[in-house]
Amino acid sequence: MNPRITLAIAARVLTQLRRDHRTLAIMLVLPCLLISLLWWMFEDLPGDSFDRLGPGLLAMFPFIVMFLVTSVTTLRERSGGTLERLLAMPMGKLDFLFGYAIAFGLVAAVQSAAAVALSVGLLDLTIEGPVWLLTVVAVADAVLGSALGLFVSAFAQTEFQAVQFMPALVIPQILLCGLFVPRAVLPDVLNVVSDVLPLSYAVDAMAHLTRSTTTSDVWADLAVVAAYAVAGLALGAGTLRRRSE
Amino acid sequence: MMKNAVEVAGLTVVRGRREVLHGLDFTIPAGQVTGLLGPSGCGKSTLMRTLVGVQAGVTGTVTVLGEPAGSPVLRHRIGYVTQAPSVYDDLSVAENLAFFARVLGVDRRETRQVIEAVDLVDHADQVVGRLSGGQRSRASLAVALLGSPSLLVLDEPTVGLDPVLREDLWAMFHRLADGGVAVLVSSHVMDEAERCDRLLLMRDGVFIADGTPTEIKEKAGLDRAADIEQAFLTIVRGEAA
């Protein structure tokens with residue numbers, strides 16, 4: 001790995017994103033609109049439903065968005081020949097992966113900062129713990145999404161297929177992460193399944209931050225998310241072959 | 001200086017279950033423009049990918065600049081242009097070159113020189129996606145020129161280009177060769193044959209002729225005025241008979 005090359009890739013990915021105004025606007029504005037929609041839905045209802053569901057949604061955005069963006073962009077690199085060209089150059093596989101992770105991690109940080117600021121500042125989401133930690137969880141989540149997206153892009157031949165992986169890999173995690181039914185009261189088998197899905201830990205971490213000022217549980221959840229992200233990157237590295245047919 | 005940039009013995013490549021190159025032996029000398037000619041689908045790209053070290057399913061000995069093909073040390077020394085222009089459509093020509101220059105660790109000033117070499121100065125700040133097909137493939141060629149490689153592997157770099165520009169590019173290939181670079185250019189257009197110092201004529205994964213354009217015509221029993229396409233046909237029909 002070479003920091004010069006890693007940063008060159010991160011900077012290049014960011015330049016490409018900057019060029020694409022529409023994607024950039026969607027990435028930054030959409031989470032804010034959706035969280036506002038959630039707040040509006042519960043506005044006339046008694047109880048603290050928004051406080052209960054909001055954090056989960058904040059954990060989900062970076063994961064889903066980065067999963068989609070990474071799987072499509074890396075697929076484009078694979079099919080467009082630029083990945084082959086880079087692999088024929090003195091670029092390490094990890095340079096490629098970390099370059100993408102850094103670029104999308106930064107975008108996720110901005111995206112989450114906007115969504116968190118809106119939720120806490122305007123929509124009165126109650127956060128007991130430190131607000132900055134909420135953003136850290138979101139970034140870890142984004143890197144996790146990137147890592148998985150990178151991995152699945154190896155199994156898709158077209159962008160159309162890559163997008164189809166989203167419902168397969170992401171929706172089960174959304175259903176089982178505790179947002180709809182608390183994880184503790186899920187049937188045993190599903191409870192075990194939810195224990196091995198990384199998004200559950202991200203949502204747990206977010207939920208914990210809304211309720212409590214203690215942070216040790218949050219760091220433990222964060223460590224699990226980070227471990228999954230690293231494992232995903234390692235699997236992604238396995239799918240980058242210098243020699244191909 | 002090394003005489004042969006590439007030395008290959010018994011090269012066989014299997015893709016899937018199909019053998020696409022069948023036991024090739026050849027060399028590519030430094031300081032010359034070698035043309036790899038043959039119909040599309042005959043194995044030209046596979047051969048080039050093998051030299052660059054990105055082809056799987058390779059058996060035989062492939063030595064490039066004194067190292068086994070695919071060695072990490074070679075990644076600085078080979079310029080490679082794939083058939084489809086491998087540049088980023090959403091970046092400008094200058095941004096593409098600045099990016100690849102950083103990956104290669106090449107001085108940024110060199111990007112200016114290679115943009116001039118492929119005659120894209122007027123389009124340097126344009127996004128590649130808005131350029132014509134020929135301009136796009138020249139942008140891709142410019143990337144391959146970065147870092148003054150000792151071996152240039154160019155997969156159909158002149159397809160669809162304006163004849164004047166094609167002339168300029170061939171002149172550049174010869175200038176690079178005169179400076180000691182080994183240049184390997186593939187083409188399925190036989191009329192480019194005369195521009196090469198030496199030719200490898202390929203069909204169905206084997207070489208049917210290897211030599212200077214004149215030698216190949218002589219081998220086919222034709223005079224100098226004949227073209228390589230005729231020689232190709234004569235050799236193929238002679239083998240079939």
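A salt bridge is counted here when a side-chain nitrogen of Lys or Arg lies within 4 Å of a carboxyl oxygen of Asp or Glu, and by this rule the count comes to 15 salt bridges over all chains. This is a predicted model, in which local features need pLDDT of at least 70 and side-chain atom pairs count only at pLDDT 80 or more, while totals for chains, interfaces and linings use all residues. Residues are numbered from 1 along each chain as its sequence is written, chains are lettered from A and ligands numbered from 1 in the order in which they are written, and side-chain values use heavy atoms, with hydrogens and water left out.

**Chain folds and dimensions**

- Chain A holds 11 helices and zero strands, where helices (H or I, at least four residues) and strands (E, at least two) are DSSP runs numbered from the N terminus.
- The radius of gyration of chain A, taken over C-alpha atoms, is 18 Å, close to the 18 Å that the globule rule (2.2 Å times the number of residues to the power 0.38) gives for 245 residues, so chain A is as compact as a globular protein of that length.
- The C-alpha trace of chain A spans about 60 × 40 × 35 Å along its principal axes, and 52% of its 245 residues count as buried, a class that means under 20% relative accessible area, with exposed over 50% and partly exposed in between (1.4 Å probe, protein chains only).
- The C-alpha atoms of chain B fill a box of roughly 55 × 40 × 40 Å along the principal axes, and buried residues make up 55% of its 241 residues.

**Salt bridges**

- In chain A, Arg76(A) forms a salt bridge with Glu159(A), the closest N and O atoms being 3.6 Å apart.
- This pair links distant parts of the chain, with Arg76(A) in helix 3 (residues 49-80) and Glu159(A) in helix 7 (residues 159-169), 83 residues apart.
- Arg76(A) is partly exposed at 45% relative accessibility, and Glu159(A) is partly exposed at 37%.
- Arg183(A), Asp195(A) and Asp204(A) are linked in a network of salt bridges.
- In chain B, Arg166(B) pairs with Glu192(B) in a salt bridge whose closest N and O atoms are 3.4 Å apart.
- Arg166(B) lies in helix 5 (residues 163-178) and Glu192(B) in the loop between strand 8 (182-187) and strand 9 (198-203), so the pair ties together parts that are 26 residues apart in sequence, and both Arg166(B) and Glu192(B) are buried.
- Arg198(B) forms a salt bridge with Asp210(B), with the closest N and O atoms 3.0 Å apart.
- Arg198(B) sits in strand 9 and Asp210(B) in strand 10 (residues 206-211), 12 residues apart; Arg198(B) is buried with a relative accessible area of 11%, whereas Asp210(B) is partly exposed at 41%.

**Surface patches**

- Patches are made of residues with over 30% relative accessible area and no salt bridge, joining like charges within 9 Å and nonpolar side chains (Val, Leu, Ile, Met, Phe, Trp, Tyr) within 5 Å.
- A nonpolar surface patch of about 800 Å² on chain A includes Ile26(A), Leu34(A), Trp40(A) and Met41(A).
- Leu34(A) belongs to helix 2 (residues 21-41) and is partly exposed at 34% relative accessibility.
- A negative surface patch is formed by Asp119(B), Asp122(B), Asp162(B) and Asp168(B), where Asp and Glu count as negative, Lys and Arg as positive, and His and the chain ends are not counted.
- Asp122(B) is placed in the loop between helix 3 (109-117) and helix 4 (133-145) of chain B, and is exposed with a relative accessible area of 74%.

Methods
Areas by Shrake-Rupley, 256 points an atom, 1.4 Å probe, with all protein chains shown as cover. Charge placed at Lys NZ, Arg CZ, Asp CG, Glu CD.
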